Amino acid sequence: MSVPLLQVNDLKKHFPVNKGLFGRQTEFVYAVDGVSFEIARGETLSLVGESGCGKSTVGRAILRLFDVTSGQVVLDGQRIDDAHPSTMRQLRQRIQVVFQDPFSSLNPRMRVRDILAEPIRNFGLAKSATDLETRVTALMDTVRLPREALNRRPHEFSGGQRQRIGIARALAAEPELIVCDEAVSALDVSVKAQIVNLLQDLQREFGLALLFISHDLAIVEHMTHRVAVMYLGKIVEIAPRREIFAAPRHPYTKALLSAVPLPEPGAKRNPIILGGDVPSPINPPKGCRFHTRCPFVFDRCRTEEPHLRSEGEQWVACHLDALPAG
Amino acid sequence: MALLEVENLQTHFRTPSGINRAVDGVSFHVNEGETLAVVGESGCGKSVTSMSLMRLIPEPPGRIAGAIRFAGKDLLRMSDREMRAIRGNDISMIFQEPMTSLNPVLTVGRQIRETLMIHQGLDKQAAETHAIEMLTLVGIPEPKRRVREYPHQLSGGMRQRVMIAIALACNPKLLIADEPTTALDVTIQAQILKLMLDLKRRVGAAIILITHDLGVVAEIAERVMVMYAGRKVEEAPVAELFRSPRHPYTQGLLGAVPKLGSSLAGTTTRLAEIPGQVPDLRKPIAGCVFAGRCALATDLCRQYAPGLEEKGPGHIAACHYASKGAVAA
């Protein structure tokens, strides 16, 4: 089997809080607490979960927007998490990002031309000034924006168009992996469809791998090859799309799916409505982190933490799943 | 007689670059105990419509014209004093952002008490008791403790429950919910939607639900009004609208949303795109507001605005080609 493009092994990121008067660090937010997965070339892996589950922190750790607490992030055989700044610079070319908010993620004082040219110059991808110009105009064609728009600034564009600029900027570096952190969440329905279609086309055209971070399960199902479901800093289930949406095994995955309102009036369903709220990641519950809200909780869940076990390609962390069938 | 009748509502804003016709001639009604959903994308005028109903639009730069008859009386002709007696009492509102719509320096108990003491004339003791009852009603655990807490001590879902408790404290006849679950996570959204359905059954208030989420519409609305660029383009009973949308914009919206479970059918199809974007409402639009993005548009559409026509029982749409569109779809 070929080496995956990206490997994440037992990734942990704990943010200190309550620094105290004398810099004593008393508590930590266990934002990501032991997460492992792989992404193959050209594959889309979606990270789903609710606010505070740590999905964006995973994305940022992969981009090395901060240093991780422990664990490894390996891109194509090379460690990212402890790479020297000079190596990191080269690695950054291969992983790019598209953020959620197309209003704050583009520099308002730069023209679109300069926004797109910056990564090309930084990574020395253009051979000459004319090559740079060719690349910039080609990017506009790729994301289906008019070439005349190159001389305008971000505020002159609508949300959907800005997100196209953000995608073009990510593509400018010719990356192998793009982290899409809620990249379509802020967009209106009809524009969202445009951007989703664009991302799928680009993936096919350039063989891009995508880490698609989202809370919108219907969009995820539409786009993804595999899904990892996160809850309080851990992956509770990771499986190919078919398994997740046809036969989810973790109670949280089931609840999450059944909570999505369907655009079909009178659709027959029995939603699993979870009580309560997500506990604080500062003091995550002992045992299974989901046990405080799980409808199927039993004694073992309160004391012993379940680990991911596989059945085929579907990995689930639940004691219930470990019980013999029947 | 309908509980609320809105006739030719026009809410315009004066801006340095021209008059923004945010809502331009919208008429609709809400019956007692009914849930009407208003759907559309950003800038379609759905929130401005709801703010206009409560007369929360600052004038100037805004200007509201038309008629808003609530239980037969025109809200637009009322004095500010009369209007204050309506707000929070007969008509109340839930906003999207439970953090910014609660006062951070007052306990939630005090915020629920306030409306009861002003509108119902309860004394502090009675209002406190009622506030605890309201918190119990909206499913907040340990209401006696929570009533003394501040908004920051509550989670997003709990804050939205408090908002609902305040809105329902005076038994309003009409509740306007502007994107009540948009800021919430899906499992919390499911809790709040269930709560709204339960409460509606028990309290019997009519609801105007403003949302862009067609899933939420399908789950709790009875009738749906679709808005685009400040106009009403279609209105129908909920099942009818999802089964046979007549307006090309409504058809586009429904086609643009992927359905959960679609991958199980085998192949996921490409999402339908609505090309282009919403027109600039500061420029006068001749013809149909959707013509610039519509695949069916002809010269007729670009020159003459279509009127709302009946396409079926309770089903109206503003499109010259609506019946043809339905056949084609």
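Tutor: In this predicted model, helix α5(A) passes α6(A) in a right-handed crossing. The axes of α5(A) and of helix α6 (residues 189-206) of chain A come within 10 Å and cross at roughly 15 degrees. The two helices, α5(A) and α6(A), are therefore roughly parallel to each other. On the α5(A) side the residues that meet α6(A) are A:G159, A:G160, A:Q163, A:I167 and A:L171. Their counterparts in α6(A) are A:V191, A:Q194, A:I195, A:L198 and A:L202. By class, the contact of α5(A) with α6(A) comprises six nonpolar and four polar residues, and no charged residue.

Helix α5(A) also meets helix α3 (residues 112-122) of chain A; α5(A) itself spans residues 159-172. The axes of α3(A) and α5(A) come within 7 Å and cross at roughly 25 degrees. The helices α3(A) and α5(A) are therefore roughly parallel to each other, because an angle under 35 degrees counts as such. Their crossing, that of α3(A) and α5(A), is right-handed. From α3(A), the residues A:V112, A:I115, A:L116, A:P119 and A:I120 take part, and they meet A:I165, A:A168, A:R169 and A:A172 in α5(A). This contact of α3(A) with α5(A) has eight nonpolar residues, no polar residue and one charged residue.

A further neighbour of α5(A) is helix α4 (residues 129-142) of chain A, where the two axes come within 9 Å and cross at roughly 130 degrees. That angle makes α4(A) oblique to α5(A). The crossing of α4(A) and α5(A) is again described as right-handed. Here A:L139, A:M140 and A:T142 in α4(A) meet A:A168, A:L171 and A:A172 in α5(A). The residues of the contact of α4(A) with α5(A) divide into five nonpolar, one polar and no charged.

Taken along the principal axes, the C-alpha atoms of chain A fill a box of roughly 70 × 60 × 45 Å.

Among the strands of chain A, β1 (residues 6-17) and β2 (residues 27-39) pair in the antiparallel sense over ten bridges. In this pairing A:V8 stands opposite A:F37 in β2(A). Strand β1(A) is also joined by five bridges to strand β4 (residues 70-75) of chain A, again running antiparallel. There A:K12 has A:S70 in β4(A) as its bridge partner.

Chain A also touches chain B, in a contact that takes 36 residues from chain A and 41 residues from chain B. On the chain B side, α8 (186-203), α9 (214-220), α10 (238-243) and α11 (248-256) each supply at least two residues. The largest share of that side, seven residues, comes from α8(B). By class, the side of chain B that touches chain A has 19 nonpolar, 14 polar and eight charged residues.

Within chain B, four strands form an open sheet with antiparallel pairing in the order β2-β1-β4-β5. Strands β2 (18-30) and β5 (73-74) of chain B stand at the edges with a single partner strand each, so one side of each is left without a neighbour in the sheet. Strand β4 (residues 62-70) of chain B pairs with β5(B) in the antiparallel sense over two bridges, and B:F70 stands opposite B:K73 in β5(B). Helix α1 (residues 46-53) of chain B lies across β1 (4-15), β2 and β4 of that chain, running at about 70 degrees to β2(B).

Chain B also has an open sheet of eight strands with mixed pairing, in the order β6-β7-β8-β3-β9-β10-β12-β11. Its edge strands are β6 (91-94) and β11 (309-312) of chain B, each pairing on one side only.

Note on methods
Residues numbered from 1 in each chain as written. Chains lettered and ligands numbered in written order. Predicted model: local features only at pLDDT ≥ 70, side-chain atom pairs only at ≥ 80, totals over all residues. Axes fitted to C-alpha atoms, helices over the stretch in contact; angles between N-to-C directions. Parallel < 35°, antiparallel > 145°, perpendicular 65-115°, else oblique. Left-handed = near helix turned anticlockwise from the far one by under 90°. Contact = placed C-beta atoms within 7 Å. Nonpolar A, V, L, I, M, F, W, Y, C, P; charged D, E, K, R; others polar. Pairing = 2+ DSSP bridges.
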